[in-house]
Amino acid sequence: MRARAAAFLATMDRRRSVRNFAADAVPLDVVRAAIQAAGTAPSGAHMQPWTFVLVTDPELKRQIRAAAEAEERETYEHRMSDEWRAALAPLGTDWHKPFLETAPALIVVFRQDYGVGPDGARRKHYYVQESCGIALGLLIAALHHAGLATLTHTPSPMGFLAELLGRPANERAFVLLPVGYPAADCEVPELARKPLAEILVEEPGDPRSGR
């Protein structure tokens, strides 16, 4: 158990978000297996309130990029606060999103705000945001474990994704995930993750814990 836990930690500690992808094709059966792994996530009342849309068509990726950049440009130029800009500065991001075309695959995760039965009746879904967040985490981990790079991209608002991808009214875009291999000249910011001591509290309320 300790060996498996340590190996998984070492694997995930090498994960980095990538914004510069190679155009090389990726094995779609591997991507599908990662999506199936994401579908094993726990969910409120086991409603599994998620849909994963896999996009590889170049023209559709071009349309997604154009729509995303339009929203991102508006955000960077008019919606974003100075505090938000300062927080993003170390990452060197702006409204240009070429990776949406370069990455060989895009996975758009949609949350199902409610279910629709065979008779068209609505079915309540529970803890939709939390459930989709867990599934997304598993998806990122599965793709990284398989040797593929990802980026969590959330242009806001994301209504254009449902329109471009023909999704029904009960679905809302949750995240847009480019998938591929890092480009040969890919660089990532030098960031440090918080150590265990800063993110773990054991025995809360026990004066011996020092917390």
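**Local and overall features of a predicted chain**

The charged end of R122 lies over the ring of Y114, at 3.9 Å from the ring centre; a charge is taken to sit over a ring if NZ of Lys or CZ of Arg is within 6 Å of the ring centre and within 35 degrees of the ring normal. The model is a predicted one, in which local features need pLDDT of at least 70 and side-chain atom pairs count only at pLDDT 80 or more, whereas totals for chains, interfaces and linings use all residues. Residues are numbered from 1 along each chain as its sequence is written, and side-chain values use heavy atoms, with hydrogens and water left out.

The protein chain contains 8 helices and 6 strands, where helices (H or I, at least four residues) and strands (E, at least two) are DSSP runs numbered from the N terminus. Their order along the sequence is α-α-β-α-α-α-β-β-β-α-β-α-β-α. The C-alpha trace spans about 55 × 50 × 40 Å along its principal axes. Of the 211 residues, 38% count as buried; buried means under 20% relative accessible area, exposed over 50%, and partly exposed in between, with a 1.4 Å probe and protein chains only. Contact is defined as heavy atoms within 4.5 Å. Among contacts between residues at least 6 apart in sequence, 81% join residues at least 24 apart.

Helix α1 (residues 2-13) and helix α6 (residues 128-146) have axes that come within 10 Å and cross at roughly 90°. Such axes are lines fitted to C-alpha atoms, for helices over the stretch in contact, and angles run from 0 to 180 degrees between N-to-C directions. The two helices α1 and α6 are therefore roughly perpendicular to each other, given that angles under 35 degrees count as roughly parallel, over 145 as roughly antiparallel, 65 to 115 as roughly perpendicular and the rest as oblique. At this crossing, F8, T11 and M12 of α1 meet A141, H144 and H145 of α6.

R172 belongs to strand β6 (residues 171-180) and is partly exposed, its relative accessible area being 40%. Apart from neighbours within four places in sequence, R172 is in contact with V109, F110, R111 and D113.

Backbone geometry was examined next. Most residues other than glycine have a negative phi, and most peptide bonds are trans. The peptide bond from S156 to P157 is cis, with omega near 0°, and P157 is placed in the loop between β5 (149-150) and α7 (159-164). Q48, a residue other than glycine, has a positive phi near 50°. Q48 lies in the loop between α2 (28-38) and β1 (50-55) and is partly exposed at 34% relative accessible area. E203 is likewise not a glycine and has a positive phi of about 50°. E203 is located in the segment after α8 (196-199) and counts as exposed, at 55% relative accessibility.

The count of disulfides is 0, a disulfide being a pair of cysteine sulfur atoms within 2.5 Å. C132 is buried, with a relative accessible area of 0%, while C186 is partly exposed at 22%.
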